[in-house]
Every structure is written in C-alpha cells, then in structure tokens.
Amino acid sequence: MKNKYYALETTDKTVDIYIFGDVTSWEWFENDVSSYTLSKELQGLSPDIEIINVHINSYGGEVAEGLAIYNLLRSHKARVRTIVDGFACSIASVIFMAGDERIMNNASLLM
C-alpha cells in the first residue's frame, strides 16, 4: 500500500481501496478522498477486475462526494465488498452500503 491513508492497490483480479480519512471535494491532506480521484482510479482499472474491496475507517465528510462515491461503486461491474476496519460514520456509512457484501469487524462502528 502507498504511504498514505487513501490508497488503491491491485493484485490479480482484486482491487483494495482504503478510505481511511475524510470524504471531501478538495483533497488538502493525504488522507482525504474525493469522488473525482476515485472515479479516475476506477476508470484506469483493468476490465478483468472481479472484486473491489473497500476498507473504511472514516468519520465521513461531504455528502455530495460520498453519494458520488456510493454511485461509482454501485455502477461498477465488479463485485464490491465493503469492510469497516474502524469507523464508518456519517457519509462513510452510506459508502459502506454500496457493497454487494458488507463486513463489520468485531471492534468497528457504523454510525
């Protein structure tokens, strides 16, 4: 994984996305994520990708950005698995709902 809180990494036919920061339209910090950045990275993926794992640890952020991320994930042809590794609060909880499969770890919080 890249040395940042938001990252996307691929292995074979699986992609792991880590949203470990704020959902925002303007990425001021390395842990911020925007729908624009995520959409460009999803467009650049191989058409062979079958599974997208979205790991979430976020207090949330901008509603419009989060709704766009939700819709990007729902419209992708790959199977989406969302995983709460810490917190999924506010709009991050909506992003969590984009998963075809949703996983809550034992010590995680959905709010």
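## Helix packing, nonpolar core and aromatic pairs

Residue S35 belongs to helix α1, which covers residues 35-43. The model described here is predicted. S35 is buried, its relative accessible area being 12%, which falls under the 20% limit for that class. Leaving aside residues up to four places away in sequence, S35 touches E65, A68, I69 and L72.

**Helix α2**

Helix α2 spans residues 63-75. Buried positions in α2 include E65, G66, I69 and L73. These residues cover an arc of only 95° around the axis and therefore lie on the same side of α2. An α-helix has 3.6 residues a turn, so residues three or four places apart point the same way. The face turned away from the buried side of α2 carries the exposed residues A64 and S75. The packing partners of the buried α2 residues are α1, β3 (51-58), β4 (79-88) and α3 (91-96).

**The nonpolar core**

The largest nonpolar core has 23 residues, and those with the most contacts inside it are I17, L42, I52, V54, I56, L73 and I95. At least two residues of this core come from each of β2 (14-19), α1, β3, α2, β4 and α3. The element that gives the most is α3, with 4 residues. In soluble globular proteins, nonpolar side chains tend to be buried together. Among the core residues named above is I95; not counting residues up to four places away in sequence, I95 touches I19, V23, I56, G66, I69, L73 and T82.

**Aromatic pairs**

The structure holds 3 aromatic pairs. A pair of aromatic rings is described by the distance of the centres and the angle of the planes. Two of the pairs are tabulated here.

| Pair | Centre to centre | Angle between planes | Geometry |
|---|---|---|---|
| Y18 and F20 | 5.9 Å | 90° | edge-to-face |
| Y59 and F87 | 5.4 Å | 75° | edge-to-face |

Y59 is exposed, with a relative accessible area of 60%, whereas F87 is partly exposed at 32%. In the other tabulated pair, Y18 is buried, with a relative accessible area of 15%, while F20 counts as partly exposed at 25% relative accessibility.

How values were computed:
Residues numbered from 1 in each chain as written. Predicted model: local features only at pLDDT ≥ 70, side-chain atom pairs only at ≥ 80, totals over all residues. Heavy atoms only, no water. Buried < 20%, exposed > 50% of the residue type's maximum accessible area, 1.4 Å probe, protein only. Contact = heavy atoms within 4.5 Å. Expected span 1.5 Å × (residues − 1). Arc of directions from axis to C-beta. Core = buried A, V, L, I, M, F, W, Y, C linked by side-chain atoms within 4.5 Å. Phe/Tyr/Trp six-rings, centres within 6.5 Å; stacked < 30°, edge-to-face > 60°.
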